[in-house]
Amino acid sequence: MNIQFNKSLRELNTFGIEVKASEFIAAHNDTELIEILNFANNNNKKIKVIGGGSNILLTKEVECLIILNRLKGINIVAETADHADVQFKSGENWHQCVLFCIEKNLGGIENLSLIPGSIGAAPIQNIGAYGVELKDVFVQLEAVHTQTLQSRVFNLHDCAFGYRDSVFKHAAHQHYFITSVTLRLQKKPVFNIEYGDIKKVLQEDYQNEITLKNISDAVIKIRTSKLPDPKVIGNAGSFFKNPVVEIELAATLKLSYPHMPSFDTETGVKIPAAWLIEQCNWKGHVAGNYGVHSKQPLVLVNYGGAKGSDILQLSDSIITSVQQRFNITLEREVNIW
Ligand code: FAD
Ligand code: NAP
């Protein structure tokens with residue numbers, strides 16, 4: 001077994017934080033994965049999984065066996081005249097899978113273009129963007145229990161998906177290695193272009209021709225215009241979730257802040273965290289080699305050589321100031337290690 005010791009994780013997290021893992025190994029297929037988990041159990045080693053490393057903040061040395069997910073494969077496992085169920089092994093890159101579906105003219109995840117990371121991490125926070133969430137196309141996933149090594153299928157109900165949330169952030173947290181995810185994609189797709197500037201870009205750049213590829217390209221264009229590229233500036237996307245508050249609190253805040261953006265949801269009123277953070281004057285804040293992005297204040301950034309613990313502390317300060325001003329407690333979306 002090819003275990004590496006004191007392995008730098010700098011290239012394996014999009015924040016680009018320099019931290020070492022005491023032990024590290026890549027799993028390339030299911031057999032290797034079971035061997036690694038067996039080895040870890042027999043030797044009382046704690047494990048952690050890394051996919052694309054785009055939703056973690058490394059705040060200290062990692063004293064466990066890191067398993068890098070490299071399980072690959074894409075298969076159409078069921079098909080009707082209307083849809084195809086596609087099973088993706090969990091180490092596939094999310095955006096490449098979106099492109100695979102577009103190429104096959106299968107619709108449903110084009111709005112989720114350019115989200116970094118692996119397929120296997122997508123269910124963990126029910127990834128979402130531009131009016132679409134993973135749960136909208138989800139059929140099932142397969143996972144291995146890291147202690148018992150039993151395989152288990154989780155269907156939509158089992159996953160308890162919520163807004164950037166699932167059972168894998170609660171009862172099943174760190175108990176399972178997700179090995180595959182099956183999505184149902186549509187052969188006669190229903191386009192979702194109502195969100196943000198998608199329609200505008202389709203009009204301006206594509207003479208209003210609505211295709212899966214054009215929607216994907218429009219989303220890519222919008223995203224690259226606002227979001228820092230992790231290859232250039234280290235970041236993990238939105239650091240905080242958008243809070244969903246009680247109707248009464250939103251109404252009270254509207255009296256003081258009539259221009260506050262807000263969106264009604266089934267569970268309350270969603271207020272963009274970016275707006276709250278900007279109101280507290282954090283937008284573009286620079287503290288040496290880390291800070292708050294100048295175009296998107298929801299994104300905390302590492303300008304090079306920052307420590308994860310500094311970024312964590314900055315996030316604490318942001319939470320405190322938003323709490324004091326708006327009586328809203330921001331929740332971190334990024335996983336703190
Ligand atoms: P990692 O960071 O590797 O892991 C995240 C967590 O999941 C860790 O706790 C890890 O242990 C666990 N994990 C990973 N793989 C497995 C597995 N196979 N089994 C069990 N546990 C596992 N997110 C959105 O929802 N919407 C967006 O629009 C979006 N945009 C982003 C833009 C940028 C520029 C960046 C940097 C991030 C963005 N994200 C977005 C966040 C991130 O890309 C997603 O959460 C993504 O799904 C994380 O995938 P990953 O493979 O990189 O996960
Ligand atoms: P945006 O379009 O400027 O919107 C800001 C906020 O308003 C978001 O909270 C969004 O909620 C909400 N919103 C906007 N239009 C909405 C609508 N029609 N209905 C309901 N809510 C609406 O946001 P952005 O920062 O440029 O990001 C665009 C999309 O990509 C968003 O969906 C965002 O979640 C996603 N994204 C996520 C990450 C991440 O790391 N999680 C990073 C970058 C972008 P929602 O967030 O619920 O959509």
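Guide: In this predicted model, ligand 2 is surrounded by 17 residues, and the closest are R164, K226, K270, Q296 and E333. Two of these lysines reach the ligand through polar side-chain atoms. That of K270 lies 2.5 Å from an oxygen atom of ligand 2, and that of K226 lies 2.6 Å from an oxygen atom of the ligand. The backbone takes part as well: a polar backbone atom of S238 is 2.8 Å from an oxygen atom of ligand 2. On its own, ligand 2 has 800 Å² of accessible area, and the protein covers 75% of it. Strand 8 (128-129), helix 5 (212-226) and strand 13 (234-238) are the elements that give two or more residues to this shell. Sorted by class, the shell around ligand 2 holds 7 nonpolar, 5 polar and 5 charged residues.

Ligand 1 has 32 residues around it, of which V49, G52, S54, S118 and R223 come nearest. S118 places a side-chain N or O atom 2.6 Å from an oxygen atom of ligand 1. A nitrogen atom of the ligand is 2.7 Å from an N or O atom in the side chain of R223, and a nitrogen atom of ligand 1 also lies 2.9 Å from a polar backbone atom of I178. Of the 990 Å² of accessible area that ligand 1 has on its own, the protein covers 93%. Two or more residues of this shell come from each of strand 3 (47-50), strand 8, strand 12 and strand 13. The class count for the shell around ligand 1 is 16 nonpolar, 14 polar and 2 charged.

Strand 12 spans residues 176-186 and includes S180. With a relative accessibility of 1%, S180 counts as buried because the limit for that class is under 20%. The side chain of S180 makes a polar contact of 3.4 Å with the side chain of Q87. Leaving out residues up to four places away in sequence, S180 touches Q87, F88, K89, S90, L141 and E142.

K213 pairs with D217, and their closest N and O atoms are 2.7 Å apart. The two residues are 4 places apart in helix 5, so about one helical turn separates them. K213 is partly exposed at 47% relative accessibility, and D217 is partly exposed at 21%.

The model has 17 salt bridges in total. Among them is the pair K199 and E194, with N to O at 3.1 Å. K199 is partly exposed, at 36% relative accessible area, whereas E194 is exposed, at 60%. In another, K135 and D136 bring their closest N and O atoms to 3.4 Å. Both partners fall in the partly exposed class, K135 at 32% relative accessibility and D136 at 46%. Salt bridges also link R10, E11, E18 and K20 into a network.

Note on methods:
Residues are numbered from 1 along each chain as its sequence is written. Chains are lettered from A and ligands numbered from 1 in the order in which they are written. This is a predicted model: local features need pLDDT of at least 70, side-chain atom pairs count only at pLDDT 80 or more; totals for chains, interfaces and linings use all residues. Side-chain values use heavy atoms; hydrogens and water are left out. A residue is near a molecule or strand if one of its heavy atoms lies within 4 Å of it. A polar contact is a pair of N or O atoms within 3.5 Å; within protein, one must be able to donate a hydrogen and the other to accept it, and residues adjacent in sequence count only if both atoms are side-chain atoms. Accessible areas come from the Shrake-Rupley method with a 1.4 Å probe; for residues, only the protein chains shown count as cover. Ala, Val, Leu, Ile, Met, Phe, Trp, Tyr, Cys and Pro count as nonpolar, Asp, Glu, Lys and Arg as charged, and the others, Gly among them, as polar. A salt bridge is a side-chain nitrogen of Lys or Arg within 4 Å of a carboxyl oxygen of Asp or Glu. Buried means under 20% relative accessible area, exposed over 50%, partly exposed in between (1.4 Å probe, protein chains only). Contact means heavy atoms within 4.5 Å.
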